[in-house]
Amino acid sequence: MTPIHLRGVVLPDGEHRDVWVDGGVISLRPVPGATTVFEDGYLVPGLVDAHCHVGIGPEGPVQLDEAVAQAETDRDAGTLLIRDCGAPIDTRPLQEREDLPRIIRAGRHLAKPKRYIPHLGEQLEDETELPAAVAEQAAYGDGWVKLVGDWIDRSVGDLAPLWSDSVLSEAIAVAHEHGAKVTAHVFGEDAIPGLLRAGIDCIEHGTGLTDETVELMSRQGTALVPTLINIENFPSFAKAASKYPDYAAHMTDLYRKGDTTVAKAIEAGVEVYAGTDAGGGIKHGTLSEEVLALHRVGMSTEQALGAASWSARRWLGWSGLEDGAVADLVCYDADPRKDLTMLRHPRRIVLRGTVVA
Ligand SMILES: [Zn+2]
């Protein structure tokens, strides 16, 4: 691997600096014989899609070669670290490929029969199976376990929690004992208090957050990945559910309040990260659009960029552009803090110390 050299304004600190890369690692001291691959622009720590599904396509589970193509699409948009929020197929072979983004797998979604998208997750007949299933996914995944917190209950005709508070407490404690964090898909209001009281680490979507549950998240340090570009699909979910008018009305209401709900969480100091929910209804490679959406609902451009880069990396245990850190970075010709649409046009992408795009 030839050493490389880059020069530019390094974010988030904003200092104009020379950066060398040798053996996949960043060096702030000159490396002899390095080839200059980028000058006069902005260097951003590798972007993070904190809610992505490599292995899911519009029709459901995909073959491994299609999953590779999805990961390549994400990479070419600058996403170099993915928190995969549940995959029906085993994507561990992708983790062995040096040219693909780093993937933190959450294993398989844990749901119940008829209480999630078919074929995507494990369906537990009885909720008493949840703690053991969580232990199994904690062992299979990379430090995260994904629960489906609520979904339409057709017998009720509306969103409803899948799990009782007591089983959640037990299951989340089991995950923590196994060194794994837990997150949950939640659209409505009712599942959130039980998940938070059980000590969940993150909430996905969170459109049903209230002033009380926002306050609780902020106090407990629970993260939120709102997937705003996927919330845009709520009106179509509502339209497709004409047999369930209460559910349709509920989804429409959650959609209407969506931006305000996330804005309140940001304002209350909840840690909010960028996630696209790419896989089913959302295309891969769309992280820049989620960053723009986070800015729309109240994050500064710098905060929104951090939510998809240095802040998210820190949250997931990965470093930024420091001496000795892994060389995962994206280069832009102009300052993305001034114009977030720059994120659509990465000039150079360096992954594990190699220029990949
Ligand atoms: Zn998802």
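Me: In this predicted model, are His 53 and Asp 277 buried or exposed?
Reply: Both His 53 and Asp 277 are buried. The word applies to residues under 20% relative accessible area.

Me: What makes His 53 and Asp 277 donors of the zinc ion?
Reply: Their distance from the metal. A donor is an N, O or S atom within 2.8 Å of the metal. The protein donors are His 51 (NE2), His 53 (NE2) and Asp 277 (OD), and they lie 2.0 to 2.1 Å from the zinc ion, so they meet the cut-off.

Me: Which spacing do the donors of the zinc ion follow along the chain?
Reply: The spacing is H-x1-H-x223-D. His 53 and Asp 277 are 224 residues apart and link distant parts of the chain. His 53 sits in the loop between strand 5 (47–52) and strand 6, and Asp 277 in the loop between helix 9 (245–267) and helix 10 (287–296).

Me: Why is Cys 85 called buried?
Reply: Its relative accessibility is 1%, and buried means under 20%, so Cys 85 counts as buried.

Me: What makes Cys 331 buried?
Reply: Cys 331 has a relative accessible area of 0%. The limit is 20%, so the residue is buried.

Me: What lines the largest pocket?
Reply: Its lining has 32 residues, and those nearest its centre are Tyr 116, Ile 117, Trp 151, Phe 187 and Phe 237. Strand 6 (56–57) and strand 13 (150–153) each supply at least two residues of this lining. The space in the largest pocket is about 750 Å³.

Me: Which residues lie nearest the centre of the second largest pocket?
Reply: They are Val 270, Glu 271, Val 272, Met 299 and Gln 303, from a lining of 13 residues. Helix 11 (301–306) and helix 12 (310–315) are the elements that give two or more residues to this lining. Helix 11 gives the most, with three. By class, the lining of the second largest pocket has seven nonpolar, four polar and two charged residues, and the volume of this pocket is about 160 Å³.

Terms used
Residues numbered from 1 in each chain as written. Predicted model: local features only at pLDDT ≥ 70, side-chain atom pairs only at ≥ 80, totals over all residues. Heavy atoms only, no water. Buried < 20%, exposed > 50% of the residue type's maximum accessible area, 1.4 Å probe, protein only. 1 Å grid on protein atoms, 1.4 Å probe; cavity = no way out; pocket = protein on both sides within 12 Å on 5 of 7 lines; lining within 4 Å. Points joined across faces, edges and corners; volume = space filled by probe spheres on them. Helix = DSSP H or I, 4+ residues; strand = E, 2+ residues; numbered from the N terminus. Nonpolar A, V, L, I, M, F, W, Y, C, P; charged D, E, K, R; others polar. Donors = N, O, S within 2.8 Å, 3.2 Å for Na, K, Ca; no water.
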